[in-house]
Amino acid sequence: MTVYDNTVPAIDCVDFVRLVDDLVDSDPQQWGAIVAKHLDECPPCLVYLQQMLDLKVLLNHVFDGDKLSEDDIAGVVNAITTLRNGHES
Ligand SMILES: [Zn+2]
């Protein structure tokens, strides 16, 4: 389990869900400790975020097929895998 600094504020699920729209449009590397902390502590929100990311990838494929490279997809998958693995240790 990841140990977070005590200065990282906890947010509740309502706040998290409000953030998800922004998260799916930004680089997972820049989500920040607040988001990572909530995902680590709240599996339902992690699942929700994964579903939104999956949906975004699918929509990009449908409307913007040429823009999304294999590397883009791999990056999203890697980010999710990293978050998942963070849960287990
Ligand atoms: Zn939550």
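Predicted model: local features only at pLDDT ≥ 70, side-chain atom pairs only at ≥ 80, totals over all residues.
Biologist: How should I think about nonpolar residues in general?

Modeller: In soluble globular proteins, nonpolar side chains tend to be buried together.

Biologist: Which residues form the largest nonpolar core here?

Modeller: Five residues do: Phe16, Val35, Leu39, Cys45 and Leu49. Two helices, H2 and H3 (43–64), each supply at least two residues of this core.

Biologist: Now the whole protein. How many helices and strands does the secondary structure have?

Modeller: There are 4 helices and 0 strands. Along the sequence, the pattern reads α-α-α-α.

Biologist: What share of the residues in the protein is buried?

Modeller: Of 89 residues, 7% are buried.

Biologist: And what share of the contacts with a separation of 6 or more joins residues 24 or more positions apart?

Modeller: That share is 66%.

Biologist: Let's turn to H1. Is H1 largely in the open or largely buried?

Modeller: Count the buried residues. The number is 1 out of 12, so H1 lies largely in the open.

Biologist: What span should helix H1 have, at 1.5 Å a residue?

Modeller: The 12 residues of H1 (residues 13–24) should span 16 Å. The end C-alpha atoms of H1 are 16 Å apart, which agrees.

Biologist: What about the segment before H1? Which residues does Ile11 touch, not counting those up to four places away in sequence?

Modeller: Ile11 sits in that segment. Ile11 touches Phe16, Ile34 and His38. Phe16 belongs to the largest nonpolar core, and His38 is one of the buried residues of H2.

Biologist: Why does Ile11 count as partly exposed?

Modeller: Because Ile11 has 16 C-beta neighbours inside 10 Å. Buried would take 20 or more.

Biologist: Which helix holds Leu83?

Modeller: Leu83 is in H4. With 19 C-beta neighbours inside 10 Å, Leu83 counts as partly exposed. Leaving aside neighbours within four places in sequence, Leu83 is in contact with Leu39 and Leu46. Leu83 and Pro28 are 55 residues apart in sequence, yet 9.9 Å apart in space, C-alpha to C-alpha.

Biologist: Last topic, confidence. Which elements have the lowest and the highest mean pLDDT?

Modeller: Helix H4 (residues 70–88) has the lowest, at 77. Helix H2 (residues 32–41) has the highest, at 93. For the protein, the mean pLDDT is 83, and 82% of its residues reach 70 or more.

Methods:
Residues numbered from 1 in each chain as written. pLDDT = per-residue confidence, 0-100. Core = buried A, V, L, I, M, F, W, Y, C linked by C-beta atoms within 7 Å. Contact = placed C-beta atoms within 7 Å. Expected span 1.5 Å × (residues − 1).
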